[in-house]
Amino acid sequence: MTHVIFDLCIRDGACVEVCPVECIVPGFPEDEWPWYYIDPDTCIDCGACVPECPVEAILPEEDLPEEQQYTTELNALFFTEGMGYEGMKQHQSKKSHNKK
């Protein structure tokens, strides 16, 4: 199983800081991928990210409410059809460019 970020995500980023396997990535481009996403193939299901989310937008896959079940596939799709880890690199590049 994996943990899943769903549509309450406000892109706070605290979850990224505590992930021991670095499997949480901000969606990019943001207008197409508006949340952070968890790579289900890398997530070790440790749960470190759950208490860090200020809006409780991360749950174990098996605890997702029925209306949020679609987000399991959406998280996986971000890594297979979306930008995935490349999106994280572009997001970081954009942030460092904006600081100049």
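Is Asn75 buried or exposed? At 2% relative accessibility, Asn75 counts as buried, where buried means under 20% relative accessible area, exposed means over 50%, and partly exposed lies in between (1.4 Å probe, protein chains only). Before going further, please keep in mind that this is a predicted model, in which local features need pLDDT of at least 70 and side-chain atom pairs count only at pLDDT 80 or more, while totals for chains, interfaces and linings use all residues. Residues are numbered from 1 along each chain as its sequence is written, and side-chain values use heavy atoms, with hydrogens and water left out.

**Helix 2 and its residues**

Asn75 is found in helix 2, which spans residues 70-80. Helices (H or I, at least four residues) and strands (E, at least two) are DSSP runs here, numbered from the N terminus. A polar atom of the Asn75 side chain lies 2.8 Å from the backbone nitrogen of Ile38. For a polar contact, a pair of N or O atoms must be within 3.5 Å; within protein, one must be able to donate a hydrogen and the other to accept it, and residues adjacent in sequence count only if both atoms are side-chain atoms. Setting aside neighbours within four places in sequence, Asn75 is in contact (heavy atoms within 4.5 Å) with Val4, Ile5, Tyr36, Tyr37, Ile38 and Pro40.

Thr71 also has its place in helix 2, and at 0% relative accessibility it is buried. The side chain of Thr71 has a polar atom 2.6 Å from the backbone oxygen of Gln68. Beyond four places in sequence, Thr71 touches Val4, Ile5, Phe6, Asp7, Trp35 and Leu64.

Leu77 is another helix 2 residue, and it is partly exposed at 23% relative accessibility. Its contacts, again without residues up to four places away, are Trp33 and Gly82. Leu77 and Tyr37 stand 40 residues apart in sequence, with their C-alpha atoms 9.4 Å apart in space.

**The nonpolar core**

What does the largest nonpolar core hold, and which members touch the most others? It has 19 residues, and Ile5, Cys15, Ile24, Ile38 and Ile58 touch the most other members. Such a core is a set of buried Ala, Val, Leu, Ile, Met, Phe, Trp, Tyr and Cys residues joined through side-chain atoms within 4.5 Å. Strand 2 (24-26), strand 3 (36-38) and helix 2 each supply at least two residues of this core. The largest share, three residues, comes from strand 3.

Let's look at two of these isoleucines. Ile38, not counting residues up to four places away in sequence, touches Thr2, His3, Val4, Ile5, Cys23, Ile24, Cys43, Cys49, Ile58, Asn75 and Phe79. Ile58 is found in strand 4 and is buried at 2% relative accessibility. With the sequence neighbours up to four places away left out, Ile58 touches His3, Val4, Ile5, Phe6, Cys15, Ile38, Cys49, Val50 and Cys53. Ile58 and Gly47 are 11 residues apart in sequence and 8.9 Å apart in space, C-alpha to C-alpha.

**Backbone features in the loops**

Most residues other than glycine have a negative phi, and most peptide bonds are trans.

Pro29 lies in the loop between strand 2 and strand 3.

**The salt bridge**

How many salt bridges are there? The count comes to one, taking a salt bridge as a side-chain nitrogen of Lys or Arg within 4 Å of a carboxyl oxygen of Asp or Glu. The partners are Glu30 and Arg11, whose side chains meet at 3.5 Å, N to O. Glu30 lies in the loop between strand 2 and strand 3, and Arg11 in the loop between strand 1 (3-5) and helix 1, so the pair ties together parts that are 19 residues apart in sequence. Glu30 is partly exposed, with a relative accessible area of 47%, whereas Arg11 is buried at 15%.
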